[in-house]
Each structure stands twice: as structure tokens, then as C-alpha cells.
Amino acid sequence: MSLVSLKGVSLSFTGQPLLDAIDLVVHSGDRIGLLGRNGVGKSTLMQLIHGELTPQDGDVFCQKGITMAYLPQDVPVHITGSVFDVVARGLKETGQALAEYTALTATMKAGEPSHDQLQRLAMLQEIIDRGDGWTLDHTIRQTLSKLKLSADADFTTLSGGRKRQALLALALVSQPDLLLLDEPTNHLDLESIAWLEEFLASYPHALLFITHDRSLLARVANRIVELDRGHLYDWSCDYPTFLRRKEEILHGESRQWERLDKKLAQEEQWIRQGIKARRTRNEGRVRALERLRREKAERRARLGTVTMIAQEAERSGKLVAQVDNLTFGYDDTPLIADFSAIITRGDKIGILGPNGSGKTTLLHLLFGSLQPRSGTVRLGTRLEILYSDQLRQGIDDSKTVRDNVAQGNDVVTINGRTKHVIGYLKDFLFTPDRANTKASLLSGGERNRLLLAKLFTKPSNVLVMDEPTNDLDMETLELLESLLVNYPGTLLLVSHDRTFLNNVVTSLIVFEGQGRVQEYVGGYDDWLSQTAAARTVNPPAREPKAKQPLPKPPRTSNRPPRLTFNEKRELAALPSKIETLEEEKQAILARLEDPASMDPADPSSYVRLGERLASLDASLESLYERWVALSSIEGD
């Protein structure tokens with residue numbers, strides 16, 4: 001059955017239309033994933049369907065009597081009350097009665113109830129009984145629990161992300177005929193995302209959702225609709241099939257445009273030379289040329305792709321950080337208990353855990369802005385650390401986009417090359433007009449791109465990213481993946497994006513509750529396969545398969561369980577020995593890369609330096625192996 005139909009709908013705010021005579025039919029049972037680049041009009045389309053906007057042309061038809069619920073990106077203002085009240089009040093008469101009943105009983109506990117209060121309570125209870133409200137009460141509280149929201153929390157005191165979760169709960173428990181969700185996984189942790197995914201996959205009614213979570217799309221969507229350059233394309237397939245078909249279509253479109261441009265170039269040459277030579281006009285051919293020109297001028301080229309290049313600093317030392325028996329918490333709540341790890345150059349580590357478990361706290365402990373209760377963190381040498389926070393606090397809202405990046409200058413320097421700031425921002429899909437816009441006016445996706453553009457103007461060999469994927473469209477997300485995979489330095493990444501983790505990281509640090517933090521080799525799927533309960537996000541604790549720079553030598557039966565006095569002295573001296581050899585190695589590499597520093601009269605000096613470099617590598621390998629072995633014994 002058709003629930004909603006759009007016929008020839010057009011809408012434009014400035015310039016080219018966001019929606020250009022589009023058609024769409026939503027049927028009962030559809031689970032539609034709505035795709036498109038940031039800013040193409042996906043949220044606008046949802047607002048049209050929900051009735052918050054009116055099209056300039058065309059019509060939106062809704063089946064009589066259908067119900068809709070909409071989760072917007074922006075939280076409406078002037079919402080007050082407890083989280084439970086906000087969710088219940090947004091439902092029908094039964095839910096509203098339930099919200100008032102809950103608030104009234106809480107008030108009555110404070111003193112002797114009046115006669116009017118008792119009468120009102122009886123009337124509310126009758127409405128609740130008639131509408132099966134106690135079942136609704138259970139559903140609301142269960143949904144809030146799954147989303148890790150306190151029913152009694154004051155809505156006005158919540159963060160923006162937590163407010164959106166409360167509104168998501170409202171949308172879900174209302175069980176509408178058509179559920180409209182705009183980025184429902186933003187600000188959710190993995191456990192909540194997994195629950196939401198199961199809920200939506202079995203949702204009995206129609207669903208239209210926007211998301212950058214590719215795992216959610218692959219699991220939930222049975223139909224893909226894409227908004228591109230003002231037009232709507234209905235692929236009528238699941239997400240994996242869409243990816244395959246889309247690649248074929250884009251290839252064909254590119255070939256078609258190449259043929260058109262070649263034909264146009266030939267005709268331009270003819271019009272300039274052929275007519276002049278013959279002094280006659282082939283009017284049909286001239287008209288065809290004019291048509292080709294119009295077609296090229298009117299062609300809405302595919303939106304550009306982000307060009308991301310991270311500026312590289314001098315290589316760090318082999319050791320980035322050594323963590324020994326780290327413990328931290330607030331009051332009596334342990335976040336991290338007795339955690340040890342070794343992070344070496346080139347590691348790409350994902351940090352995983354529920355919201356509030358301590359992931360961001362661990363980053364602050366690693367790099368010195370917080371001090372542990374006990375344990376130590378030892379950082380390596382020559383570290384150039386870049387930090388991207390999840391709240392986008394690196395952006396100054398009072399400045400324009402270009403001034404955020406270039407600090408008032410006209411150029412930026414990337415890996416030794418200067419580039420005009422407008423050209424650099426074009427690589428991140430900012431037009432010249434948008435580059436001069438105040439940062440406070442940017443969308444969520446644009447703010448994320450701005451933060452990346454600003455970060456990558458600075459040299460780094462350690463990149464720390466806290467939830468970088470929020471609000472990014474699919475293509476930008478995949479390009480960021482490619483950059484991070486090829487990033488030559490060390491990466492620490494907090495993310496709830498399962499596909500992103502699978503594609504980027506080589507190991508995971510997982511917060512498993514009650515202060516237990518463990519390291520696992522591989523990405524998200526590898527972690528699931530190594531745990532006893534592969535379908536839960538907080539599995540029972542298992543002995544992790546810890547990642548080490550070199551294999552830990554087996555402990556022989558006659559080896560003492562503690563370091564001897566001489567071994568302790570040896571362990572204490574190893575870091576300085578390693579640093580000395582690392583510095584000598586870097587000096588030799590610098591000489592070999594600079595021919596001017598070599599004596600042309602002594603060609604054998606190249607050979608001697610090469611032999612010394614090989615000797616240093618062998619020595620460093622041996623020292624690191626010894627250091628890892630002794631460190632692991634000391635920590636036992």
C-alpha cells in the first residue's frame with residue numbers, strides 16, 4: 001500500500017534547485033536508506049514528507065489517517081520536563097495521560113494529596129487502563145534503558161546528543177506507519193547501535209532513514225534512494241547491490257561525458273576553421289553545435305570529492321608510548337584499572353567502549369592533560385601530536401572558514417608547498433563563498449570537514465581522532481579511511497563506526513566495564529570473533545590476544561617470576577640505549593639522503609654508512625626484543 005507519494009516536487013533556496021521535479025512513492029514495509037552528499041537536500045526532503053516544508057512545485061500526497069514520526073538533526077527548543085515525560089507527552093492521549101499520571105504521583109509523594117488530585121488521578125488511570133497504557137509505560141522505560149537514558153533526568157540539562165537520543169526514543173515507541181530518522185546513530189555507543197539495528201531490521205511498518213553507518217545500511221535497508229544533483233534515483237535494491245550498480249552507472253556516465261566533450265571539441269574546431277575556409281554555412285551542423293554547448297553548460301557536474309593530504313612531520317622514535325599499570329577513576333568509580341600497553345610507531349589503534357566508559361579520558365592520560373592515580377605513561381621521542389575532538393572545539397565560530405584554517409593569511413603550507421587557502425578549501429568542498437562564511441553557520445558535516453582541513457595544515461606523526469566520522473557523507477568517509485590507512489605515523493581513533501574500524505585499525509583497546517581495559521588484535525569483526533559472546537557489545541571478559549611489537553619469548557619453567565637485580569638495571573638502561581641508536585640512525589639516513597653532505601673523493605663512505613645502518617637496525621631489533629621481554633616479566 002502506498003503511504004506517501006511525491007509528484008514533480010521542486011524546491012530551491014538559492015541557485016540550482018535542491019529538488020528538481022522529483023518523484024517518490026513510499027510503500028508499507030519499505031525500509032529506505034536515503035543517500036547523498038552533505039548539502040544535497042536529504043533533510044529537506046524529509047521535512048517535505050513530514051509537512052514542515054511546502055514544495056514550490058509539485059505535490060506531496062499522504063494516505064489518509066497514516067501516522068508519522070520524525071527525528072530531526074536539530075533538537076527543537078522549548079522542550080521541558082523529565083525524559084520520561086518528554087517521550088510520553090509526544091504520544092497519543094494514552095501517553096499524555098501516562099506522563100501526567102507519573103508527574104502527579106511524584107508530586108503527591110511530597111505531601112497529603114488533595115481531593116482534586118485524587119479525582120484527577122482516578123480519571124488518568126481510567127484513560128491509561130483503556131488505552132493499555134501500562135504496556136506503553138513498560139515500552140518507554142525499556143527503550144530508554146536500551147538507549148542508556150535515565151527516565152527521571154531533566155531534559156533541559158542534557159547535552160545535545162542526549163536530547164536527540166530522547167527524541168529518538170519518542171520516535172521509536174510511537175510505532176508510526178512511517179518512521180523518518182535523520183542520522184539516528186549519531187551520539188550512540190556500539191551497544192545502543194546494535195540494539196537500534198535489530199529494532200529497525202524487524203520494524204513492521206515503513207522506514208525512511210539517513211545515515212552514514214554503512215553497517216546499518218547493509219543490515220536494515222531493503223531499498224536505496226539516492227539524491228544527486230537535484231534528482232532522485234530509486235535503486236530498488238539493498239545497499240551492497242547498490243554499491244555495485246552505482247559503480248557501473250558512474251563509469252558509463254563518465255564515458256558518455258568524455259564522448260560529448262570530444263565531439264564538442266571537434267565541432268568547435270570545425271566552426272572556427274571549416275566555415276571560414278568554405279565561406280558557406282551548414283545550418284543544421286551549427287544548430288547541433290549550439291545544442292552541444294547548451295548541454296555542456298547545463299550539465300550539473302558530479303559534486304567534487306574531498307582531497308585529503310595529511311602534512312607529515314619528522315618520523316617519531318620507534319616507541320610512541322609505554323603504559324604501565326595505569327589506574328584512573330572518579331570518586332569510587334574506576335574507569336581504568338591496572339592497564340598496560342606498548343604503542344609503537346605506525347600502530348593504528350581503535351578505542352572502543354560504551355559512552356562514558358573513559359575512552360576520551362584514556363587519550364588525555366596518554367598525552368599528559370590528565371594524571372593517573374597510579375601507574376606511569378612514558379612517551380617516546382620526536383612526537384608531533386594532532387588531536388581532533390568530538391565536540392569540534394578546534395573551530396572558532398566567530399571566524400570565517402578561511403580564517404579558521406589560515407589564521408588571516410592567504411596561503412597555507414602543506415608538506416613544504418604553499419597553496420592559496422581558497423584552493424586548499426576547495427579540496428574540502430568549500431566554495432569561495434562558503435570559505436568566507438562564519439563557522440557558526442556551517443552544518444554538522446561542514447564543521448567536520450573544516451576541522452579536518454584545519455588539522456591537516458599542521459605536521460604530525462601521531463594523529464588522535466575522537467569520533468571523526470559523525471556527519472560525514474559516504475564518499476568523504478571513504479576518502480578519510482584511505483588517508484588514515486596510508487598515514488605513515490601512529491593513529492589513535494575513538495569511533496563507533498564498525499565498518500570504519502574494520503577498514504582502518506590494526507588493533508583495538510576495549511573498555512569492558514568496571515575498569516577492565518583490554519587490547520585485541522584486528523578490527524571490530526576480529527574483536528567479536530575473539531570474544532565469547534560475539535553478538536554482544538559488552539562480552540564476558542576473556543584473555544585478550546595482546547598486540548606486541550615483537551613476539552613475547554616463552555617463559556621457561558626455571559626462570560624466576562620476578563626480575564633479578566641485574567635485569568632491573570638492564571631494563572632501566574635500555575630506553576637511553578635505544579634512543580641513542582635511534583638518533584644515530586636518523587643522522588645516517590639524513591646524510592644518505594643529502595648528497596652534498598658526502599665527500600665525493602671518498603666513495604667508500606657510502607658503503608661504510610650503509611653497513612653501519614644495517615648494524616644499527618640489527619642492534620635496535622635485539623634491544624626492542626629484550627625490552628619487550630623484560631617489560632612483560634616486570635608487569636606479571
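## Exercises on a predicted model

Helix H5 (residues 133-146) packs against helix H6 (residues 160-173) at an angle of about 140°, the axes being 10 Å apart. The structure is a predicted model, in which local features need pLDDT of at least 70 and side-chain atom pairs count only at pLDDT 80 or more, while totals for chains, interfaces and linings use all residues. Residues are numbered from 1 along each chain as its sequence is written, and side-chain values use heavy atoms, with hydrogens and water left out.

**Exercise 1.** Classify the packing of H5 and H6 and describe their contact.

*Solution.* Axes are lines fitted to C-alpha atoms, for helices over the stretch in contact, with angles from 0 to 180 degrees between N-to-C directions. Helices are DSSP runs (H or I, at least four residues) and strands are E runs of at least two, numbered from the N terminus.
1. Angles under 35 degrees are roughly parallel, over 145 roughly antiparallel, 65 to 115 roughly perpendicular and the rest oblique; H5 and H6 are therefore oblique to each other.
2. The residues in contact (heavy atoms within 4.5 Å) are Thr139, Ile140, Thr143 and Leu144 of H5, which meet Ala169, Leu172 and Val173 of H6.
3. By class, this contact of H5 with H6 has 5 nonpolar, 2 polar and no charged residues.

**Exercise 2.** Determine how far helix H11 (residues 359-366) is enclosed.

*Solution.* Buried means under 20% relative accessible area, exposed over 50%, and partly exposed in between (1.4 Å probe, protein chains only).
1. The buried residues of H11 are Lys359, Thr361, Leu362, Leu363, Leu365 and Leu366.
2. With 6 of its 8 residues buried, H11 is therefore largely enclosed by the rest of the structure.
3. Gly368, which follows H11, has a positive phi, near 95°.

**Exercise 3.** State whether Thr437 is buried or exposed, and which residues it contacts.

*Solution.* 
1. Thr437 lies in the loop between helix H14 (432-435) and helix H15 (444-455).
2. The relative accessibility of Thr437 is 14%, so Thr437 counts as buried.
3. Apart from neighbours within four places in sequence, Thr437 is in contact with Lys399, Thr400 and Val401.

Technical notes. Ala, Val, Leu, Ile, Met, Phe, Trp, Tyr, Cys and Pro count as nonpolar, Asp, Glu, Lys and Arg as charged, and the others, Gly among them, as polar.
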